[in-house]
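Reader: I am new to this structure. Can you walk me through how to read it, one feature at a time?

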Amino acid sequence: MEHFSYHIPTKIIYGIDTLDDIEKYFTDKKILLVTSKGHIKRGLLTKLENLNIVATIDNIKSHPEFNHLEKIYEKVLNIQFDIILAIGGGSVIDGAKYLSVYNTSKEKDFVTKLIKKETTKQYFIKPFISVPTTAGTSSEITPWATIWDMDEKKKYSLHLPELFSTIAIYDPVLTLSVPKDITIQTALDTLSHALESIWNKNANEITITHAIKAAKLIIKNIIPLANDLDNLEYRSNILKASIYAGLAFGNTQTAVAHAMSYYITAHKGVDHGIACSFTLPLIIDNIIGKYDFIDKALKEIFGELNSDKLRTILNQLNISTEFKDYGITNDELKYIISSLQNSQRAGNSLVHLSMDGLL
Ligand SMILES: [Zn+2]
């Protein structure tokens with residue numbers, strides 16, 4: 001780890017009521033607002049009154065899919081705007097990223113082709129400002145978006161080096177209305193991002209420092225928050241964890257837990273945050289004792305070098321750590337493990353799982 005680089009061009013603004021003067025970031029700009037129904041509460045709407053919003057897209061769905069995004073994209077091509085304002089969870093911000101990319105001939109399937117590597121035409125990106133309303137994917141400070149093809153049952157990444165938000169604005173008050181299941185799922189996704197950036201070939205001193213901070217915040221606050229959803233202090237800590245996790249895995253990408261999760265989400269309909277986190281104790285058991293820096297980080301996070309604490313937390317949240325409880329047969333598990341060899345995300349991983357000990 002003697003040579004490393006680190007990059008994040010996004011300006012981060014954090015605090016209660018940070019949206020009160022949001023118009024100062026949009027002077028004379030025509031704005032396309034991208035959100036999903038239910039994300040804009042009345043109080044927030046008042047704060048957007050002084051903005052020059054020329055059009056609103058409010059139907060971005062959870063786990064966004066090509067079919068749906070392409071229809072929205074076709075409409076957006078006819079709208080004159082300078083900048084996108086994305087307000088919502090990770091799926092909304094991922095959808096906004098898809099809509100921000102274009103080429104000069106404005107082809108309606110250009111972004112899909114770009115993601116599926118079917119075009120090498122030059123792309124351009126409209127600037128976008130992100131306001132996350134959940135504490136989870138950290139999409140507002142990473143340069144990629146997750147897009148699903150449910151016909152192929154496959155997850156794709158729109159990953160471009162310039163695909164960072166210009167500004168990410170965080171107000172923990174916005175996360176107060178997130179229901180319990182989504183609060184837990186997104187917090188566990190954050191934990192997975194933090195841990196996956198540690199057992200990662202791309203890890204460096206900067207990412208590890210952020211990852212430890214993020215994971216500690218989740219471990220300390222997730223159960224108290226699950227039992228007290230209106231507590232702004234717990235909400236703030238979890239939101240900060242998602243910032244630190246983003247600062248970590250935004251530079252390393254994810255690893256083996258995410259690589260396994262995509263099959264489970266696409267084929268079993270398990271939410272991303274659960275699919276990428278119920279395997280974390282298993283992965284911890286497999287990596288302990290192999291790399292000093294990973295042992296050191298895990299010990300700092302959990303206070304001990306085993307997966308007991310995390311297993312207890314998942315247990316308290318009623319999340320099983322057994323594949324069979326998600327409807328995954330032994331044959332499917334064999335397939336998932338063997339397909340890791342071809343996975344770019346698993347290629348980042350310093351943990352290599354085999355079927356031995358899993359059955
Ligand atoms: Zn994730």
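Author: Start with a contact list. Ala194 touches Ala211, Ala214, Ala215 and Ala245, leaving aside residues up to four places away in sequence. Keep in mind that this is a predicted model.

Reader: Where is Ala194 placed?

Author: Ala194 sits in helix H5, residues 180-196.

Reader: Is Ala194 buried or exposed?

Author: Buried means under 20% relative accessible area. Ala194 has 0% relative accessibility, so it counts as buried.

Reader: How far apart are Ala194 and Ala211 in sequence and in space?

Author: They are 17 residues apart in sequence. In space, their C-alpha atoms are 4.5 Å apart.

Reader: Now the metal. Which residues are the protein donors of the zinc ion?

Author: Asp189 (OD), His193 (NE2), His258 (NE2) and His272 (NE2) are the protein donors, at 2.1 to 2.2 Å from the zinc ion. Along the chain, their spacing reads D-x3-H-x64-H-x13-H. Asp189 belongs to helix H5 and His272 to helix H9 (residues 272-275), so this pair ties together parts that are 83 residues apart in sequence. Asp189 and His272 are both buried.

Reader: Why is the arrangement around the zinc ion irregular?

Author: Look at the angles. Four donors count as tetrahedral if all angles lie between 85 and 135 degrees. Here the four donor atoms subtend angles of 84 to 168 degrees, which makes the arrangement irregular.

Reader: Let us turn to strands. What should I know about their side chains?

Author: In a regular strand, side chains alternate between the two faces of the sheet. Now take strand E4, residues 83-88. On one side are Ile83, Leu85 and Ile87, and on the other Ile84, Ala86 and Gly88; all are buried. Six of the six residues of E4 are buried, so the strand is largely enclosed by the rest of the structure.

Reader: Which strand pairs with E4 over four bridges?

Author: Strand E2, residues 31-34, pairs with E4 in the parallel sense. Ile31 has Ile83 as its bridge partner in E4. E4 is also joined to strand E7 (residues 128-132) by five bridges, and these two run parallel. There, Gly88 stands opposite Pro132.

Reader: One last case. Where is Ser165 found?

Author: Ser165 is in the loop between strand E9 (154-159) and strand E10 (167-170). Its relative accessibility is 1%, so Ser165 counts as buried. Beyond four places away in sequence, Ser165 touches Thr10, Phe128, Ser130 and Glu140. The side chains of Ser165 and Ser130 are joined by a polar contact of 2.8 Å.

Notes. Residues numbered from 1 in each chain as written. Predicted model: local features only at pLDDT ≥ 70, side-chain atom pairs only at ≥ 80, totals over all residues. Heavy atoms only, no water. Buried < 20%, exposed > 50% of the residue type's maximum accessible area, 1.4 Å probe, protein only. Pairing = 2+ DSSP bridges. Polar contact = N/O pair within 3.5 Å; in protein donor to acceptor, adjacent residues only side chain to side chain. Contact = heavy atoms within 4.5 Å. Donors = N, O, S within 2.8 Å, 3.2 Å for Na, K, Ca; no water. Tetrahedral: all angles 85-135°; square planar, octahedral: opposite > 155°, others 65-115°.
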